[in-house]
Amino acid sequence: MKFFLDTAIREEIRDLAALGFVDGVTTNPSLLKEARAPYRRVLEEICRLVSGPVSAEVLAEESAGMLREARELAAIAPNIVIKVPMGSEGLRAAAALHAEGVGTNVTLVFSANQALLAAKAGARFVSPFIGRLDDVGQSGMALIEEILDIYGNYDFETEVIVASVRHPMHVVEAARLGADIVTMPAKVLRAMFAHPLTDVGKAKFLEAWREVERG
Ligand code: G3P
């Protein structure tokens with residue numbers, strides 16, 4: 001299972017990548033806004049920090065505009081993946097980019113049929129937003145299960161990125177289902193390291209060792 005960071009904050013990416021747990025990065029316009037620097041520079045820096053896929057989103061609403069933006073973004077670095085929004089225009093752009101050998105990540109996916117269309121369009125990744133489904137009283141994880149079941153029936157190359165992740169239990173559930181990738185905020189990845197009993201245990205061992213040293 002691969003871990004992507006869902007952030008454009010370069011310091012967070014640098015710190016967690018140094019620990020060896022960052023297989024890729026996903027950004028979107030809201031996340032790039034938080035980085036408070038020109039988006040192109042931010043993406044260039046992220047692509048230098050991480051060798052895996054870095055998703056950068058197009059903003060145009062029609063496929064022709066998406067393709068223009070996608071070609072500019074793809075020129076930033078070889079590991080850029082183009083995020084296109086779900087919909088007929090986004091999927092038209094995804095299919096054209098696939099034909100040109102440019103990888104895409106179809107984002108804002110909220111149903112199994114949308115995921116099926118993304119796979120048929122040749123998307124490299126599909127991003128179902130589970131937290132936003134949970135927010136409106138639907139099960140985000142049930143959607144992941146449904147998509148994995150469907151993809152398992154065919155030989156699609158599309159990988160499922162579990163996105164809009166809010167807490168470490170989302171990661172556990174996604175892993176139990178065998179999802180390819182989870183993209184998460186840095187605070188969720190950091191929370192995965194922690195358990196109060198680990199801290200208590202470390203303190204006890206340290207104290208015991210100090211007593212031995214004191215004799
Ligand atoms: O990867 C998608 C993510 O950025 C959306 O997350 O928390 O805004 O639903 P959220």
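# Pockets and ligand in a predicted model

**View 1. The second largest pocket and its lining.** Pro 29, Leu 32, Lys 33, Tyr 39, Leu 43, Ala 56, Glu 57, Leu 59, Glu 69, Glu 72 and Leu 73 line the second largest pocket. On a 1 Å grid over the protein atoms alone, a pocket is an open set of points where a 1.4 Å probe fits, with protein on both sides within 12 Å along at least five of seven lines, and lining residues have an atom within 4 Å of a point. Two or more lining residues come from each of H2, helix H3 (39–49), strand E3 (54–57) and helix H4 (63–74). Helices (H or I, at least four residues) and strands (E, at least two) are DSSP runs, numbered from the N terminus. The space in this pocket is about 200 Å³, a volume filled by probe spheres set on the grid points.

The model is predicted: local features need pLDDT of at least 70 and side-chain atom pairs pLDDT 80 or more, whereas totals for chains, interfaces and linings use all residues. Residues are numbered from 1 along each chain as its sequence is written, and side-chain values use heavy atoms, without hydrogens and water.

**View 2. The largest pocket.** About 340 Å³ of space lies in the largest pocket. Of its 19 lining residues, Asp 6, Asn 28, Leu 31, Ser 164 and Pro 185 are the closest to its centre. Helix H2 (29–34) and helix H10 (186–193) are the elements that give two or more residues to this lining. The ligand sits in the largest pocket (more than half of its atoms lie within 2 Å of the grid points).

View 3. Around the ligand are Asp 6, Asn 28, Leu 31, Phe 129, Arg 132, Ala 163, Ser 164, Arg 166 and Thr 183, each with a heavy atom within 4 Å of it.

View 4. A polar contact is a pair of N or O atoms within 3.5 Å. An oxygen atom of the ligand lies 2.7 Å from a side-chain N or O atom of Asp 6. For Asn 28, the corresponding distance is 3.0 Å. A polar side-chain atom of Arg 166 is 2.7 Å from a ligand oxygen atom.

Methods:
A polar contact is a pair of N or O atoms within 3.5 Å; within protein, one must be able to donate a hydrogen and the other to accept it, and residues adjacent in sequence count only if both atoms are side-chain atoms.
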